[in-house]
Amino acid sequence: MIRIELPHHLRTLARVDGEVRLDVQDPVTLRAALDALEAAYPVLRGTIRDHATRQRRAFVRFFACEQDLSHEPVDAPLPEAVIRGEEPLLVIGAIAGG
Amino acid sequence: MSRVRVLVGTKKGAFILSADGKRESWTVEGPHFAGFEMYHVKGSPLNPDRLYASQTSGWFGQLMQRSDDGGKNWEAVGNEFAYDGDPGMHLFYDGTMKPFEFKRVWHVEPSLDDVDTVYAGIEDSALFISKDAGKSWQEMTGLRKDTNTEKWQPGGGGMGLHTILIDPTRHERMYVAISSAGVFRSDDAGKTWAVKTKGIKSAYELPDPKSEVGHCVHRIAMHEKNPNVLYMQKHWDVLRSDDAGENWHEVSGNLPSDFGFPIEVHAHEPKTVYVVPIKSDSEHFPPEGKLRVYRSRAGGDEWEALTKGLPQSDCYVNVLRDAMAVDSLDRCGVYFGTTGGQVYASADAGDTWAPIVRDLPAVLSIEVQTLTS
(Lines give C-alpha, C1' and ligand atoms only; values in the text may rest on other atoms or scores of the structure.)
Protein backbone atom coordinates (compact mmCIF):
# COMPACT_ATOMS: atom_id res chain seq x y z
CA MET A 1 0.00 0.00 0.00
CA ILE A 2 1.31 3.43 -0.91
CA ARG A 3 0.43 6.77 0.61
CA ILE A 4 -0.37 9.82 -1.50
CA GLU A 5 -0.68 13.28 -0.06
CA LEU A 6 -2.83 15.56 -2.18
CA PRO A 7 -2.88 19.36 -2.13
CA HIS A 8 -5.74 21.04 -0.30
CA HIS A 9 -7.89 21.74 -3.36
CA LEU A 10 -7.68 18.19 -4.66
CA ARG A 11 -8.50 16.77 -1.22
CA THR A 12 -11.59 18.99 -1.22
CA LEU A 13 -12.50 17.86 -4.70
CA ALA A 14 -12.03 14.18 -3.87
CA ARG A 15 -13.72 14.65 -0.50
CA VAL A 16 -10.89 13.05 1.46
CA ASP A 17 -9.16 14.03 4.66
CA GLY A 18 -5.49 13.42 5.11
CA GLU A 19 -3.51 10.98 3.03
CA VAL A 20 -4.92 8.64 0.44
CA ARG A 21 -3.83 5.01 0.76
CA LEU A 22 -3.89 2.85 -2.32
CA ASP A 23 -2.91 -0.64 -3.36
CA VAL A 24 -0.78 -0.45 -6.46
CA GLN A 25 0.33 -3.52 -8.37
CA ASP A 26 3.99 -4.03 -9.20
CA PRO A 27 5.85 -2.37 -10.68
CA VAL A 28 4.97 0.61 -8.51
CA THR A 29 5.72 3.52 -10.80
CA LEU A 30 4.46 7.10 -10.89
CA ARG A 31 2.17 6.17 -13.76
CA ALA A 32 0.77 3.19 -11.85
CA ALA A 33 0.25 5.29 -8.73
CA LEU A 34 -1.62 7.99 -10.64
CA ASP A 35 -3.66 5.41 -12.52
CA ALA A 36 -4.70 3.88 -9.19
CA LEU A 37 -5.45 7.30 -7.74
CA GLU A 38 -7.68 8.26 -10.66
CA ALA A 39 -9.41 4.88 -10.59
CA ALA A 40 -10.24 5.34 -6.93
CA TYR A 41 -11.18 9.01 -7.34
CA PRO A 42 -12.42 9.60 -10.90
CA VAL A 43 -13.11 13.24 -10.09
CA LEU A 44 -9.35 13.80 -10.12
CA ARG A 45 -9.04 12.87 -13.78
CA GLY A 46 -7.71 15.81 -15.72
CA THR A 47 -6.56 17.71 -12.63
CA ILE A 48 -3.09 16.19 -12.24
CA ARG A 49 -2.54 14.90 -15.76
CA ASP A 50 -3.98 16.19 -19.00
CA HIS A 51 -6.92 14.08 -20.16
CA ALA A 52 -5.62 13.60 -23.66
CA THR A 53 -1.84 13.52 -23.37
CA ARG A 54 -1.63 12.03 -19.85
CA GLN A 55 1.22 14.46 -19.26
CA ARG A 56 1.67 16.11 -15.89
CA ARG A 57 -0.05 19.47 -15.78
CA ALA A 58 2.52 22.24 -15.94
CA PHE A 59 2.04 23.55 -12.40
CA VAL A 60 1.82 20.19 -10.63
CA ARG A 61 4.88 18.64 -9.05
CA PHE A 62 5.61 15.23 -7.53
CA PHE A 63 7.87 15.10 -4.48
CA ALA A 64 8.94 12.12 -2.38
CA CYS A 65 11.79 11.39 0.00
CA GLU A 66 13.01 14.96 -0.42
CA GLN A 67 13.37 14.47 -4.16
CA ASP A 68 11.55 16.14 -7.03
CA LEU A 69 10.26 13.30 -9.18
CA SER A 70 8.38 15.59 -11.56
CA HIS A 71 10.80 15.13 -14.40
CA GLU A 72 11.61 11.48 -13.81
CA PRO A 73 10.29 8.89 -16.29
CA VAL A 74 6.74 8.00 -15.29
CA ASP A 75 7.54 4.31 -15.70
CA ALA A 76 10.53 4.38 -13.37
CA PRO A 77 9.94 2.69 -10.00
CA LEU A 78 9.06 5.05 -7.17
CA PRO A 79 11.55 5.23 -4.26
CA GLU A 80 11.58 2.12 -2.10
CA ALA A 81 10.37 4.04 0.94
CA VAL A 82 7.27 5.12 -1.02
CA ILE A 83 6.65 1.60 -2.28
CA ARG A 84 6.89 0.27 1.28
CA GLY A 85 4.51 2.96 2.51
CA GLU A 86 7.09 4.52 4.78
CA GLU A 87 7.04 7.83 2.93
CA PRO A 88 4.21 9.51 1.05
CA LEU A 89 4.19 10.57 -2.56
CA LEU A 90 3.41 14.26 -2.46
CA VAL A 91 1.33 15.86 -5.22
CA ILE A 92 2.14 19.56 -5.05
CA GLY A 93 0.65 22.66 -6.59
CA ALA A 94 3.84 24.39 -7.74
CA ILE A 95 4.80 27.80 -6.44
CA ALA A 96 3.35 30.23 -8.93
CA GLY A 97 2.23 33.79 -8.97
CA GLY A 98 3.68 35.03 -5.81
CA MET B 1 -43.41 36.75 -3.62
CA SER B 2 -40.54 37.08 -6.03
CA ARG B 3 -36.92 36.60 -5.14
CA VAL B 4 -33.70 37.35 -6.91
CA ARG B 5 -30.59 35.21 -6.92
CA VAL B 6 -27.37 36.67 -8.31
CA LEU B 7 -24.74 34.11 -9.33
CA VAL B 8 -21.30 35.65 -9.15
CA GLY B 9 -18.16 34.07 -10.58
CA THR B 10 -14.91 35.55 -9.32
CA LYS B 11 -11.18 34.96 -9.61
CA LYS B 12 -11.21 33.08 -6.31
CA GLY B 13 -14.58 31.41 -5.98
CA ALA B 14 -18.31 31.71 -6.61
CA PHE B 15 -20.80 33.65 -4.53
CA ILE B 16 -24.58 33.60 -4.42
CA LEU B 17 -26.32 36.84 -3.48
CA SER B 18 -30.01 36.63 -2.59
CA ALA B 19 -32.76 39.11 -1.88
CA ASP B 20 -36.51 39.37 -1.97
CA GLY B 21 -38.27 41.31 -4.70
CA LYS B 22 -37.57 44.63 -3.04
CA ARG B 23 -33.85 44.02 -3.60
CA GLU B 24 -32.86 46.06 -0.60
CA SER B 25 -31.50 43.51 1.86
CA TRP B 26 -29.07 40.89 0.57
CA THR B 27 -27.54 37.72 1.89
CA VAL B 28 -24.14 36.64 0.61
CA GLU B 29 -23.21 32.94 0.43
CA GLY B 30 -19.76 31.75 -0.46
CA PRO B 31 -17.13 31.39 -1.51
CA HIS B 32 -18.04 28.18 -3.24
CA PHE B 33 -14.95 26.51 -4.75
CA ALA B 34 -12.70 28.89 -2.87
CA GLY B 35 -9.42 29.54 -4.60
CA PHE B 36 -10.64 28.61 -8.07
CA GLU B 37 -11.43 30.90 -10.96
CA MET B 38 -15.15 30.65 -11.51
CA TYR B 39 -15.55 31.81 -15.05
CA HIS B 40 -19.31 31.43 -15.22
CA VAL B 41 -22.27 30.13 -13.23
CA LYS B 42 -25.70 29.93 -14.82
CA GLY B 43 -29.05 28.36 -14.05
CA SER B 44 -31.41 26.45 -16.27
CA PRO B 45 -34.44 28.44 -17.45
CA LEU B 46 -36.45 25.22 -17.06
CA ASN B 47 -35.41 24.48 -13.49
CA PRO B 48 -33.74 27.39 -11.72
CA ASP B 49 -32.29 25.12 -9.07
CA ARG B 50 -30.22 23.37 -11.74
CA LEU B 51 -27.01 25.36 -11.95
CA TYR B 52 -23.93 24.74 -14.05
CA ALA B 53 -20.56 26.23 -13.21
CA SER B 54 -17.17 26.45 -14.86
CA GLN B 55 -14.39 26.04 -12.30
CA THR B 56 -10.84 26.45 -13.49
CA SER B 57 -7.35 26.69 -12.09
CA GLY B 58 -3.88 27.29 -13.40
CA TRP B 59 -2.72 24.37 -11.31
CA PHE B 60 -5.44 21.80 -11.73
CA GLY B 61 -7.13 22.65 -15.01
CA GLN B 62 -10.81 22.62 -15.79
CA LEU B 63 -13.59 21.28 -13.64
CA MET B 64 -17.31 21.50 -14.21
CA GLN B 65 -19.82 21.60 -11.39
CA ARG B 66 -23.56 21.03 -11.26
CA SER B 67 -26.04 21.84 -8.54
CA ASP B 68 -29.62 20.60 -8.29
CA ASP B 69 -30.60 22.69 -5.29
CA GLY B 70 -29.80 26.22 -6.27
CA GLY B 71 -26.18 26.11 -5.26
CA LYS B 72 -26.36 24.60 -1.77
CA ASN B 73 -24.68 21.38 -2.89
CA TRP B 74 -22.54 20.72 -5.92
CA GLU B 75 -21.32 17.70 -7.83
CA ALA B 76 -18.26 17.65 -10.05
CA VAL B 77 -19.28 16.39 -13.48
CA GLY B 78 -17.37 15.71 -16.68
CA ASN B 79 -14.34 17.86 -17.41
CA GLU B 80 -13.00 16.33 -20.61
CA PHE B 81 -13.30 18.65 -23.60
CA ALA B 82 -11.70 16.88 -26.54
CA TYR B 83 -11.81 18.50 -29.95
CA ASP B 84 -13.40 16.26 -32.52
CA GLY B 85 -10.65 14.77 -34.68
CA ASP B 86 -7.80 16.99 -35.81
CA PRO B 87 -7.88 20.05 -33.55
CA GLY B 88 -6.99 22.32 -36.47
CA MET B 89 -4.96 25.53 -36.51
CA HIS B 90 -5.53 29.17 -35.71
CA LEU B 91 -3.58 32.39 -36.06
CA PHE B 92 -1.43 33.37 -33.08
CA TYR B 93 -0.39 36.82 -31.83
CA ASP B 94 2.96 36.63 -33.62
CA GLY B 95 1.46 35.72 -36.97
CA THR B 96 2.32 32.03 -36.77
CA MET B 97 -0.22 29.21 -36.81
CA LYS B 98 -0.94 27.28 -33.62
CA PRO B 99 -2.97 24.13 -33.07
CA PHE B 100 -6.18 24.54 -31.10
CA GLU B 101 -5.59 23.55 -27.49
CA PHE B 102 -8.23 23.35 -24.78
CA LYS B 103 -7.59 25.77 -21.94
CA ARG B 104 -10.83 26.49 -20.07
CA VAL B 105 -14.58 26.94 -20.28
CA TRP B 106 -15.58 30.57 -20.50
CA HIS B 107 -19.36 30.32 -20.68
CA VAL B 108 -22.10 27.81 -19.97
CA GLU B 109 -25.52 28.17 -21.55
CA PRO B 110 -28.28 25.83 -20.39
CA SER B 111 -30.72 24.70 -23.06
CA LEU B 112 -34.16 26.24 -23.40
CA ASP B 113 -35.65 22.80 -24.10
CA ASP B 114 -34.02 20.21 -21.89
CA VAL B 115 -32.72 20.67 -18.37
CA ASP B 116 -29.95 18.12 -18.93
CA THR B 117 -28.65 19.78 -22.07
CA VAL B 118 -26.11 22.55 -21.72
CA TYR B 119 -23.70 24.26 -24.07
CA ALA B 120 -20.16 25.34 -23.23
CA GLY B 121 -18.02 27.93 -24.96
CA ILE B 122 -14.36 27.18 -24.53
CA GLU B 123 -10.88 28.57 -25.06
CA ASP B 124 -9.38 27.84 -27.62
CA SER B 125 -12.67 28.67 -29.23
CA ALA B 126 -15.10 25.87 -29.87
CA LEU B 127 -18.64 25.03 -28.91
CA PHE B 128 -19.42 21.94 -26.87
CA ILE B 129 -22.67 20.32 -25.80
CA SER B 130 -23.59 17.97 -23.00
CA LYS B 131 -26.87 16.09 -23.16
CA ASP B 132 -26.41 14.29 -19.86
CA ALA B 133 -26.30 17.15 -17.38
CA GLY B 134 -22.61 17.74 -17.79
CA LYS B 135 -21.32 14.18 -17.44
CA SER B 136 -19.88 14.13 -20.95
CA TRP B 137 -19.14 16.77 -23.55
CA GLN B 138 -18.98 16.63 -27.32
CA GLU B 139 -17.77 19.26 -29.72
CA MET B 140 -20.40 20.74 -32.04
CA THR B 141 -18.12 20.40 -34.99
CA GLY B 142 -20.02 22.47 -37.51
CA LEU B 143 -18.83 25.77 -36.08
CA ARG B 144 -15.17 25.17 -36.80
CA LYS B 145 -15.72 23.16 -39.98
CA ASP B 146 -17.96 25.74 -41.60
CA THR B 147 -15.81 28.76 -40.84
CA ASN B 148 -12.28 29.88 -41.54
CA THR B 149 -10.56 29.13 -38.25
CA GLU B 150 -7.15 29.88 -39.72
CA LYS B 151 -8.04 33.56 -39.38
CA TRP B 152 -9.26 33.27 -35.80
CA GLN B 153 -6.80 34.69 -33.32
CA PRO B 154 -6.70 35.27 -29.57
CA GLY B 155 -7.64 38.60 -28.08
CA GLY B 156 -5.80 39.93 -25.08
CA GLY B 157 -7.63 37.55 -22.76
CA GLY B 158 -7.23 34.48 -24.94
CA MET B 159 -9.23 33.00 -27.79
CA GLY B 160 -12.50 32.32 -26.10
CA LEU B 161 -15.99 31.52 -27.26
CA HIS B 162 -17.68 33.73 -24.69
CA THR B 163 -21.23 34.33 -25.82
CA ILE B 164 -23.93 31.80 -26.65
CA LEU B 165 -27.40 33.14 -27.45
CA ILE B 166 -30.41 31.00 -28.27
CA ASP B 167 -33.35 32.64 -29.99
CA PRO B 168 -36.25 32.11 -27.54
CA THR B 169 -38.80 32.22 -30.35
CA ARG B 170 -36.95 29.82 -32.61
CA HIS B 171 -34.73 27.53 -30.60
CA GLU B 172 -32.85 26.12 -33.57
CA ARG B 173 -31.36 29.58 -34.17
CA MET B 174 -28.20 30.16 -32.15
CA TYR B 175 -25.49 32.76 -32.10
CA VAL B 176 -21.98 32.54 -30.73
CA ALA B 177 -19.33 35.24 -30.44
CA ILE B 178 -15.59 34.76 -30.29
CA SER B 179 -12.65 37.01 -29.47
CA SER B 180 -11.12 37.48 -31.96
CA ALA B 181 -13.10 35.93 -34.73
CA GLY B 182 -16.58 37.44 -34.90
CA VAL B 183 -20.23 36.46 -34.66
CA PHE B 184 -21.56 33.22 -36.06
CA ARG B 185 -25.15 32.05 -36.52
CA SER B 186 -26.69 28.63 -36.85
CA ASP B 187 -30.28 28.08 -38.00
CA ASP B 188 -30.27 24.34 -37.45
CA ALA B 189 -29.52 23.98 -33.74
CA GLY B 190 -25.78 24.17 -34.15
CA LYS B 191 -25.21 21.71 -36.98
CA THR B 192 -24.06 24.31 -39.51
CA TRP B 193 -22.82 27.85 -39.04
CA ALA B 194 -22.22 31.02 -41.01
CA VAL B 195 -20.20 34.09 -40.12
CA LYS B 196 -22.32 37.21 -39.57
CA THR B 197 -20.01 40.21 -39.56
CA LYS B 198 -21.16 42.34 -42.50
CA GLY B 199 -20.91 45.99 -41.54
CA ILE B 200 -18.45 45.49 -38.69
CA LYS B 201 -15.28 47.55 -39.04
CA SER B 202 -12.12 47.12 -36.98
CA ALA B 203 -9.81 49.85 -38.20
CA TYR B 204 -7.33 49.59 -35.33
CA GLU B 205 -7.28 45.81 -35.00
CA LEU B 206 -7.25 44.36 -38.52
CA PRO B 207 -5.27 45.22 -41.65
CA ASP B 208 -8.53 44.94 -43.59
CA PRO B 209 -11.04 46.73 -41.34
CA LYS B 210 -13.97 45.04 -43.10
CA SER B 211 -12.51 41.56 -42.97
CA GLU B 212 -15.14 38.86 -42.66
CA VAL B 213 -13.29 37.15 -39.81
CA GLY B 214 -11.03 38.36 -37.05
CA HIS B 215 -13.14 40.98 -35.26
CA CYS B 216 -12.74 41.17 -31.52
CA VAL B 217 -16.38 40.92 -30.51
CA HIS B 218 -16.64 41.33 -26.76
CA ARG B 219 -20.28 40.45 -26.23
CA ILE B 220 -23.64 40.31 -27.96
CA ALA B 221 -27.11 40.50 -26.47
CA MET B 222 -30.74 40.27 -27.53
CA HIS B 223 -34.20 40.79 -26.09
CA GLU B 224 -36.51 37.80 -26.08
CA LYS B 225 -39.41 39.76 -27.58
CA ASN B 226 -37.38 41.07 -30.47
CA PRO B 227 -34.71 38.47 -31.13
CA ASN B 228 -33.85 39.63 -34.63
CA VAL B 229 -32.32 42.74 -33.08
CA LEU B 230 -28.84 42.10 -31.73
CA TYR B 231 -26.58 44.43 -29.82
CA MET B 232 -22.81 44.16 -29.78
CA GLN B 233 -20.03 45.60 -27.69
CA LYS B 234 -16.93 45.17 -29.79
CA HIS B 235 -13.34 45.90 -28.81
CA TRP B 236 -14.06 49.39 -30.13
CA ASP B 237 -17.61 50.31 -31.22
CA VAL B 238 -21.10 49.48 -30.04
CA LEU B 239 -23.18 48.05 -32.86
CA ARG B 240 -26.69 46.87 -33.64
CA SER B 241 -28.12 44.46 -36.15
CA ASP B 242 -31.81 44.69 -37.05
CA ASP B 243 -31.84 41.55 -39.17
CA ALA B 244 -30.49 38.70 -37.07
CA GLY B 245 -26.87 39.53 -37.71
CA GLU B 246 -27.03 39.90 -41.49
CA ASN B 247 -25.96 43.53 -41.28
CA TRP B 248 -24.43 45.54 -38.47
CA HIS B 249 -24.17 49.28 -37.98
CA GLU B 250 -22.52 51.37 -35.35
CA VAL B 251 -24.66 52.94 -32.60
CA SER B 252 -21.90 54.28 -30.36
CA GLY B 253 -23.36 57.78 -30.67
CA ASN B 254 -22.41 60.06 -27.78
CA LEU B 255 -20.66 57.50 -25.57
CA PRO B 256 -17.52 58.91 -23.94
CA SER B 257 -15.69 55.83 -25.17
CA ASP B 258 -17.03 53.07 -27.34
CA PHE B 259 -14.58 50.55 -25.91
CA GLY B 260 -16.02 48.19 -23.32
CA PHE B 261 -16.93 44.62 -22.55
CA PRO B 262 -20.52 43.92 -21.43
CA ILE B 263 -23.75 44.88 -23.14
CA GLU B 264 -27.16 44.02 -21.79
CA VAL B 265 -30.81 44.64 -22.66
CA HIS B 266 -33.59 45.72 -20.29
CA ALA B 267 -35.92 42.84 -19.40
CA HIS B 268 -39.09 44.57 -20.59
CA GLU B 269 -37.94 47.22 -23.03
CA PRO B 270 -36.30 45.72 -26.13
CA LYS B 271 -34.75 49.02 -27.16
CA THR B 272 -33.24 49.86 -23.78
CA VAL B 273 -29.60 48.87 -23.73
CA TYR B 274 -26.81 49.17 -21.16
CA VAL B 275 -23.04 49.40 -21.62
CA VAL B 276 -20.12 50.36 -19.38
CA PRO B 277 -17.63 52.46 -21.34
CA ILE B 278 -13.97 51.77 -20.67
CA LYS B 279 -11.26 54.21 -21.67
CA SER B 280 -9.28 52.05 -24.09
CA ASP B 281 -7.81 48.67 -24.87
CA SER B 282 -4.73 49.43 -22.79
CA GLU B 283 -6.45 51.49 -20.11
CA HIS B 284 -9.06 49.10 -18.80
CA PHE B 285 -10.83 51.53 -16.51
CA PRO B 286 -13.63 54.06 -16.82
CA PRO B 287 -12.92 57.36 -18.56
CA GLU B 288 -11.98 60.11 -16.08
CA GLY B 289 -12.09 57.63 -13.22
CA LYS B 290 -15.91 57.87 -13.18
CA LEU B 291 -17.79 54.59 -13.14
CA ARG B 292 -20.77 55.21 -15.39
CA VAL B 293 -23.29 52.86 -16.87
CA TYR B 294 -24.71 54.25 -20.08
CA ARG B 295 -28.30 53.56 -21.05
CA SER B 296 -29.92 54.07 -24.40
CA ARG B 297 -33.68 53.88 -24.70
CA ALA B 298 -33.52 54.00 -28.49
CA GLY B 299 -31.44 50.95 -29.30
CA GLY B 300 -28.24 52.96 -29.24
CA ASP B 301 -26.92 56.23 -30.69
CA GLU B 302 -28.36 58.35 -27.88
CA TRP B 303 -26.92 57.45 -24.49
CA GLU B 304 -27.40 58.83 -20.99
CA ALA B 305 -24.95 58.43 -18.14
CA LEU B 306 -26.24 56.63 -15.05
CA THR B 307 -24.17 57.72 -12.10
CA LYS B 308 -26.28 57.89 -8.93
CA GLY B 309 -24.66 55.63 -6.37
CA LEU B 310 -21.62 54.84 -8.49
CA PRO B 311 -18.16 56.25 -7.70
CA GLN B 312 -17.53 59.41 -9.69
CA SER B 313 -13.89 59.93 -8.84
CA ASP B 314 -10.76 57.83 -8.58
CA CYS B 315 -12.42 54.67 -9.87
CA TYR B 316 -10.14 52.45 -11.96
CA VAL B 317 -11.90 49.11 -12.14
CA ASN B 318 -13.04 47.20 -15.19
CA VAL B 319 -16.31 45.38 -15.90
CA LEU B 320 -15.76 42.18 -17.82
CA ARG B 321 -17.89 40.88 -20.65
CA ASP B 322 -19.99 38.38 -18.72
CA ALA B 323 -20.28 40.53 -15.61
CA MET B 324 -23.58 42.30 -16.28
CA ALA B 325 -27.12 40.94 -16.16
CA VAL B 326 -30.73 41.94 -15.54
CA ASP B 327 -33.60 40.48 -13.55
CA SER B 328 -37.15 40.37 -14.87
CA LEU B 329 -38.93 42.12 -12.04
CA ASP B 330 -40.87 45.33 -12.53
CA ARG B 331 -38.91 47.62 -12.39
CA CYS B 332 -36.11 45.83 -14.09
CA GLY B 333 -33.06 45.21 -11.93
CA VAL B 334 -29.62 45.70 -13.44
CA TYR B 335 -26.46 44.21 -11.93
CA PHE B 336 -22.77 44.32 -12.69
CA GLY B 337 -19.55 43.23 -11.06
CA THR B 338 -16.14 44.84 -11.23
CA THR B 339 -12.56 43.71 -11.21
CA GLY B 340 -12.34 45.50 -7.87
CA GLY B 341 -14.77 43.03 -6.35
CA GLN B 342 -17.85 45.23 -6.12
CA VAL B 343 -21.24 43.99 -7.24
CA TYR B 344 -23.56 46.92 -7.92
CA ALA B 345 -27.31 46.60 -8.25
CA SER B 346 -30.01 48.92 -9.45
CA ALA B 347 -33.63 48.08 -8.66
CA ASP B 348 -34.90 50.90 -10.88
CA ALA B 349 -33.54 50.07 -14.30
CA GLY B 350 -30.30 51.92 -13.70
CA ASP B 351 -31.55 55.22 -12.27
CA THR B 352 -29.86 54.58 -8.92
CA TRP B 353 -27.23 52.11 -7.81
CA ALA B 354 -25.92 50.61 -4.60
CA PRO B 355 -23.29 47.99 -3.94
CA ILE B 356 -24.53 44.59 -2.75
CA VAL B 357 -20.97 43.72 -1.77
CA ARG B 358 -17.79 45.73 -2.07
CA ASP B 359 -14.89 43.42 -1.43
CA LEU B 360 -15.19 40.19 -3.36
CA PRO B 361 -12.33 38.90 -5.51
CA ALA B 362 -12.31 40.28 -9.05
CA VAL B 363 -15.68 39.54 -10.62
CA LEU B 364 -15.60 37.48 -13.81
CA SER B 365 -19.30 36.87 -14.37
CA ILE B 366 -22.76 37.76 -13.15
CA GLU B 367 -26.01 35.95 -13.86
CA VAL B 368 -29.36 36.78 -12.31
CA GLN B 369 -32.28 34.48 -11.62
CA THR B 370 -35.74 35.86 -10.94
CA LEU B 371 -37.49 33.31 -8.76
CA THR B 372 -40.97 32.86 -7.39
CA SER B 373 -41.39 31.31 -3.97
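Tutor: Let us begin with pairing: two strands pair if DSSP finds at least two bridges between them. The model under discussion is predicted.

Student: What makes E19(B) and strand E20 (residues 238-241) of chain B a pair?

Tutor: Four bridges join E19(B) to E20(B), and the criterion asks for at least two. The two strands therefore pair by the definition, and they run antiparallel. Within this pair, B:Leu230 stands opposite B:Ser241.

Student: What lies between E19(B) and E20(B)?

Tutor: Three residues lie between the two strands, which form a hairpin. In the turn, B:Asp237 has a positive phi of about 95°.

Student: How do you know that E19(B) also pairs with strand E18 (residues 217-222) of chain B?

Tutor: DSSP pairing needs at least two bridges, and E18(B) and E19(B) have five, in the antiparallel sense. B:Ile220 is placed opposite B:Met232 of E19(B).

Student: Why is strand E19 (residues 230-234) of chain B called largely enclosed?

Tutor: A residue is buried if 20 or more other C-beta atoms lie within 10 Å of its own. Five of the five residues of E19(B) are buried, so the strand is largely enclosed by the rest of the structure. B:Leu230, B:Met232 and B:Lys234 point one way, B:Tyr231 and B:Gln233 the other way, and all are buried. In a regular strand, side chains alternate between the two faces of the sheet.

Student: Why are strands E2 and E4 of chain A described as standing at the edges?

Tutor: The open sheet of chain A has five strands in the order E2-E1-E5-E3-E4, with mixed pairing. Strand E2 (20-22) and strand E4 (67-68) each have a single partner strand, so one side of each is left without a neighbour in the sheet. For E4(A), two bridges join it to strand E3 (residues 60-64) of chain A, and the two run antiparallel. A:Phe63 faces A:Asp68 of E4(A) across this pair.

Student: Which residues touch the most other members of the largest nonpolar core?

Tutor: The core holds 133 residues, and those touching the most other members include A:Ala33, B:Val8, B:Ile220 and B:Ile366. Not counting residues up to four places away in sequence, A:Ala33 touches A:Ile2, A:Ile4, A:Val24, A:Val28, A:Leu78 and A:Leu89.

Student: How many residues of each chain are in contact across the two chains?

Tutor: 13 residues of chain A are in contact with ten residues of chain B. Helix H1 (residues 8-14) of chain A supplies the largest share of the chain A side, three residues. By class, that side has seven nonpolar, five polar and one charged residues.

Student: Why is chain B called as compact as a globular protein of its length?

Tutor: Chain B has one helix and 30 strands. Its radius of gyration is 19 Å, close to the 21 Å that the globule rule gives for 373 residues, so the description applies. Of those 373 residues, 53% count as buried.

Key: Residues are numbered from 1 along each chain as its sequence is written. Chains are lettered from A and ligands numbered from 1 in the order in which they are written. This is a predicted model: local features need pLDDT of at least 70, side-chain atom pairs count only at pLDDT 80 or more; totals for chains, interfaces and linings use all residues. Two residues are in contact if their C-beta atoms, placed from the backbone, lie within 7 Å. Ala, Val, Leu, Ile, Met, Phe, Trp, Tyr, Cys and Pro count as nonpolar, Asp, Glu, Lys and Arg as charged, and the others, Gly among them, as polar. A residue is buried if 20 or more other C-beta atoms lie within 10 Å of its own, exposed if 12 or fewer, and partly exposed in between; C-beta atoms are placed from the backbone. A nonpolar core is a set of buried Ala, Val, Leu, Ile, Met, Phe, Trp, Tyr and Cys residues joined through C-beta atoms within 7 Å. The radius of gyration is taken over C-alpha atoms; the globule rule is 2.2 Å times the number of residues to the power 0.38.
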